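Please walk through this model with attention to its charged pairs and to one packing of helices.

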Amino acid sequence: MTRRTLMGGCAAGTLLAVAGSTGARAATSTTASTTASDNAALQAAISDLAHPPAISAQLRVDRRGDRWYGTAGVADIASGRAVRPDDRFRAGSVTKAFVATVVLQLWTERRVELDAPIGRYLPDLLPSAFARRITVAQLLNHTSGLPDHRGIPDDSTPEAVLQQRWDRWTPREWVETVTHDPLKFTPGSKQEYRGINYVLLALLIEKLTARPYGQEIQTRVLRPLGPTRTLLPGQDPRLHGPHVHGYLRMTDGSLRDVTVYNQSSAWGEGELVSTVDDLFRFQQALFSGALLPPHALDKLFTLPPDSVRMLDGGPARYSLGLQTATVNGVTFWGKTGETEGYRTRMFATRDLSLRFVLSYTPTPLTTQEEMTNRVVAALTA
């Protein structure tokens, strides 16, 4: 199952020194606002592959039209090949931004009401007390109050995670694991980030369109962007064509390749396979209004009322599809993604004056946000 953080972090694992090239940054133009030292700071931010321990990193940045791309480490330990911007990797919960885009498109087509209970569209899937109270919008912005999972495999150790790589789940089986306890809170009253919300939204897309949700994303989002290497793999556990390998450090210190992994438990919430270039293109199209009309696009940049707080008491930070964070006075919107061996960070200012896509491959099961924080600090200094 996918693991997630928000520019903030989990306990760091043991340090790992990675042998191999640190990569060379792509040549870019230098403007009054972007200097060679700025680019050097970005390269330094991703070249520290000991904090967190990682095998590779790649970063694409756009600062008011001035673009930069850099890499560090290797795509594959065995070959030592440098990372390329069209290499596929697992993008984890960035999937949710694609799902939300399609749901909002269907809303603009008047095929779904955001304030309608999910039970209107997906009857007999959730307990009636859930289905009649949780709305489509509350799934989108993580205010549903759905209970915790029961009966899912343990993923507290890297060995346990590795044992699950061939597990196959159907979406309905995964939904069933959150139907055994009462709602955690009144829907709409609090916010808790939950991947299961987007499994239900992917099922909603399939109900409304009578097509697999991945096909709808392909038709509605990916095809308008032009040729891409992005896909929803379903039950296929392998990455095909040039790709970045993911690795996990076991408790005995050994390193295991976890690139081959069935992502069916992340269906709808975190199974996306993409590239840095593709996510950069998607980010541009989404924020510029190429995929959504203005009234739908506004939904992506609107948080719940101030009265709605995270479970820890902090302010809500999830809209109907994105998340937000403010660093050094700069407010970013976008999406994080995590799955075993991979981390993705896709963020931009609303006006696209500053944006980045970061992909790296940490080896601890859980990591702090050291690399992301270095990148953001360099961009907002």
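Which side chain meets that of Arg111 in a salt bridge? Glu109 does, at 3.4 Å from N to O; a salt bridge here is a side-chain nitrogen of Lys or Arg within 4 Å of a carboxyl oxygen of Asp or Glu. This is a predicted model, in which local features need pLDDT of at least 70, side-chain atom pairs count only at pLDDT 80 or more, and totals for chains, interfaces and linings use all residues. Residues are numbered from 1 along each chain as its sequence is written, and side-chain values use heavy atoms, with hydrogens and water left out.

Arg111 is partly exposed at 34% relative accessible area, and Glu109 is partly exposed at 38% (buried is under 20%, exposed over 50%, partly exposed in between, with a 1.4 Å probe and protein chains only). Salt bridges that share partners join Glu109, Arg111, Arg211, Glu216 and Arg220 into one network. Arg220 is also in contact (heavy atoms within 4.5 Å) with Gln105, a buried residue with 8% relative accessible area.

The count of salt bridges comes to 22. One of them pairs Asp298 with Arg350, with the closest N and O atoms 2.6 Å apart. Asp298 lies in the loop between helix 10 and strand 8, and Arg350 in the loop between strand 11 and strand 12, so the pair ties together parts 52 residues apart in sequence. Helices (H or I, at least four residues) and strands (E, at least two) are DSSP runs, numbered from the N terminus.

Terms used: Lists of a residue's contacts leave out its neighbours within four places in sequence.
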